[in-house]
Amino acid sequence: MAQEEPVTSVVEEGVAVIRIANPPVNALSAAVRGGLKRAAEAAEADPSVRAVVVTAEGRTFIAGADITEFGKPPVPPTLPEAIASLESLAKPVVAAINGAALGGGLEVALGCHARVAAPGAKLGLPEVKLGLLPGAGGTQRLPRLVGAAPALKLMADGNPVSAEAAKAIGLVEEVAEDVVGAARALALRLAETGRPTPARDRGAPEDREAFEEAAAGLLKNADNPSVAACVEAVRAAFDLPFEEGMAAERAHFLRLRDDPRSKALRHVFLAERAAARIPGLPRGTQPRRVERAAVIGGGTMGGGIAMCFANAGIPVTLIETSEENLQRGLERVAGNYATSVKRGSLTEEARAKRMGLIEGKVGLDAAAGADVVVEAVFEEMGLKKEIFGKLETVAKPGAILATNTSYLDVDEIAASTSRPADVLGMHFFSPANVMKLLEVVRGKRTAPDALATAMELGRKLAKVPVVSGVCYGFIGNRMLARRTAQAERLLIEGALPEEVDAALNAFGFRMGPFAMGDLAGLDIGWRIRQATGKKAPVADALVEAGRLGQKTKRGYYDYSADGRTGVPDPEVVAIIERVSAEQGVTRRPIGREEITERLLFPMINEGARILEEGIAARAGDIDTVWLNGYGWPAVTGGPMFHADSLGLPRIVGRLREFARASGDESLEPAPLLVRLAEAGQGFASLDEKAA
Ligand code: 3H9
């Protein structure tokens, strides 16, 4: 996407305005770094230039280093060199920060001698979120400019601050609407009064005590290696001369950049954005307008979905079949908001506004005014068909008709209306107002603009939308079913629930499958098994013994202490041992590594089938689903990225062993997995081809 000349310089009335234009976000590619260095040298050499302004085109100032260049052979100049060429100018250099200045982008601004920011600009050092630290002088210049404690805070949480907040800590000199005009004026004034001392030549920061206190607090519960690196690098700003501090920072940066965790986090960032691109959409497809929504079903799910609309400022009608159900639904929503106010995460004003956007109505006719209708009733095909059949006449022409089904066939639901092109799935995850994932299910006959609308709407609702084709369970739950089956199997073979959960905790999941099952309620899976004729002897026995999970204070664990903390329960062990005996299985101890592989590899295998069938367009889409909907730990990049990191031949080999040992053919490696492994390739190679 880079243009021919991503950096230009125009001299006007004594000021050279250096402008970066490298869409979409002005990342610091090799061409931009080279352009900045040349422009700085030209400005120094030109006697008509008295001062310099650095700015950029578009909504962003600079989004940072070009993430896509990491891992490729480096092309000079480095970013620290490009920044040094600006900072070392004898003429004053002022950054005109027209939009977000992030990471290396803020570091460019720090290398300038003064900074002016537009009112809406955000300034930040988000490198920690990519498993990095600022690597172009940020750890050395920022502490010298604003103090080490505030600098460390900015680096360690990675969240940007507003232009006004940046001014308050002395990071920018001015906030101005006409940012380039104000920067020019400031630059010319500085040319008269004298160039400010560059950050590098300012003395060491002075707030050592505050810094050490902040550092100790951060290190206490940091599991991200970047945080410790930030602390050490900033400490160098106190103890070492600038150049040595820069060398220390560089060493940390290079070490972290090559750490597999950082590689995984960069994949997460790029995969999430790639997922937004809908494959096969005709060029110029325009999303439909969505100004009003309706949600059918005021249960936990429907209420949560209604909250998503209200939170995004979209008026929504919550529809129920009776006044009583409606009131219960509305009360639950009101209760959720009230809790947020009590916790301090929502103001009273915002609560009132959001509640004001939700109206409750009895009867489907209330869906008539909506541009999008989301059905969130029981998982029962007959009921869903009946509703969609009625919606065909009730909903206004062009309205999107979405089902929140987790498993059912969206094409069959669509066939119950005469307008299947308007029908798709919008599969929210529980709790719907919290979880980021949204699976947008594309039916055979879903219209391209309907799909584009749902994807855009998903982003408006602050979700991470991912397109899935139609199949039982879509991307996420279809893979989850493989894990659930193995978890059950492991119990029968000899493992205990706490051992299985501990293995996934050690891998990085906050919750293992059994703790998760207890939280969600074991009756959910039981009901599905009843309907589909499937069996899970241990899970069935627990439900039949009245152990439905946290809600009955007993499930895989005993919750009688406080209703939330589960402890192992001898009664569960007895049930499991009984099932093993009934199945004629001699129990054996199963190690953590085997448990982890048994849980994760069959999921990866299913992911390969999902890719091969075209249910997911990219391996990265599958990762995005698991990272945002199922708590997959980001530092391993998602199931398919993790598979590539382990090497596919190892997974193929283990799956064959599992299949042989269990006689379960579904554990045989998928053809795509075998093909890639034999070709010495990974899933990433498919995504590269698709891009
Ligand atoms: C760094 O700076 C290291 C230095 O300290 C040291 C170096 C030595 N590179 O998010 P969007 C693409 S580390 C390459 O949808 P928005 C993105 O993939 C970097 N590409 O837009 C997408 O591409 P596509 C520290 C990038 O308006 C397109 O731009 N910086 C980069 O919602 C639009 O992105 C960060 O971590 C990049 N750095 O949000 C900031 N950034 O259209 C990362 C974006 O092909 N960026 N792209 O899918 C962001 O937070 C957001 O992108 C931003 C815009 C807020 C800027």
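Me: How do the residues of the shell around the ligand divide into nonpolar, polar and charged?

Reply: Start with the classes: Ala, Val, Leu, Ile, Met, Phe, Trp, Tyr, Cys and Pro count as nonpolar, Asp, Glu, Lys and Arg as charged, and the others, Gly among them, as polar. In this shell there are 16 nonpolar, seven polar and four charged residues. Keep in mind that this is a predicted model, where local features need pLDDT of at least 70, side-chain atom pairs count only at pLDDT 80 or more, and totals for chains, interfaces and linings use all residues. Residues are numbered from 1 along each chain as its sequence is written.

Me: Which residues are the closest to the ligand?

Reply: A residue is near a molecule or strand if its C-beta atom, placed from the backbone, lies within 6 Å of it. The ligand is surrounded by 27 residues, and the closest are Gly64, Ala65, Gly103, Gly104 and Gly135.

Me: Which element gives the largest share of that shell?

Reply: Helices (H or I, at least four residues) and strands (E, at least two) are DSSP runs, numbered from the N terminus. With three residues, α11 gives the largest share. At least two shell residues come from each of β6 (100-102), α3 (104-111) and α11 (260-274).

Me: Where are the domains of this protein?

Reply: Domain bounds come from an automatic or database domain assignment. Here we have domain 1 (7-258), domain 2 (293-474), domain 3 (511-582) and domain 4 (592-690). Taken over C-alpha atoms, the centres of domain 2 and domain 4 are 32 Å apart.

Me: How many residues of domain 2 are in contact with domain 4?

Reply: Two residues are in contact if their C-beta atoms, placed from the backbone, lie within 7 Å. By that test, eleven residues of domain 2 meet nine residues of domain 4. On the domain 2 side, β17 (437-441) and β18 (464-468) each supply at least two residues, and β18 has the largest share, four residues. That side of domain 2 has seven nonpolar, two polar and two charged residues.

Me: Which residues touch the most other members of the largest nonpolar core?

Reply: In soluble globular proteins, nonpolar side chains tend to be buried together. A nonpolar core is a set of buried Ala, Val, Leu, Ile, Met, Phe, Trp, Tyr and Cys residues joined through C-beta atoms within 7 Å. The largest one holds 207 residues, and Val52, Ile97, Leu152, Cys230, Val295, Val373 and Leu424 touch the most other members. Helix α24 (residues 592-612) gives this core its largest share, nine residues.

Me: Is valine 52 buried or exposed?

Reply: A residue is buried if 20 or more other C-beta atoms lie within 10 Å of its own, exposed if 12 or fewer, and partly exposed in between, with C-beta atoms placed from the backbone. Valine 52 has 28 C-beta neighbours inside 10 Å, so valine 52 is buried. Valine 52 sits in strand β3 (residues 51-56). Not counting residues up to four places away in sequence, valine 52 touches several residues, including Val15, Ile18 and Leu89.

Me: What is the phi of lysine 553?

Reply: Most residues other than glycine have a negative phi, and most peptide bonds are trans. Lysine 553 has a positive phi of about 65° although it is not a glycine. Lysine 553 lies in the loop between α22 (537-544) and α23 (570-582).

Me: Which peptide bond has an omega near 5°?

Reply: The bond from proline 23 to proline 24, which is cis. Proline 24 belongs to the loop between β2 (15-20) and α1 (30-45).
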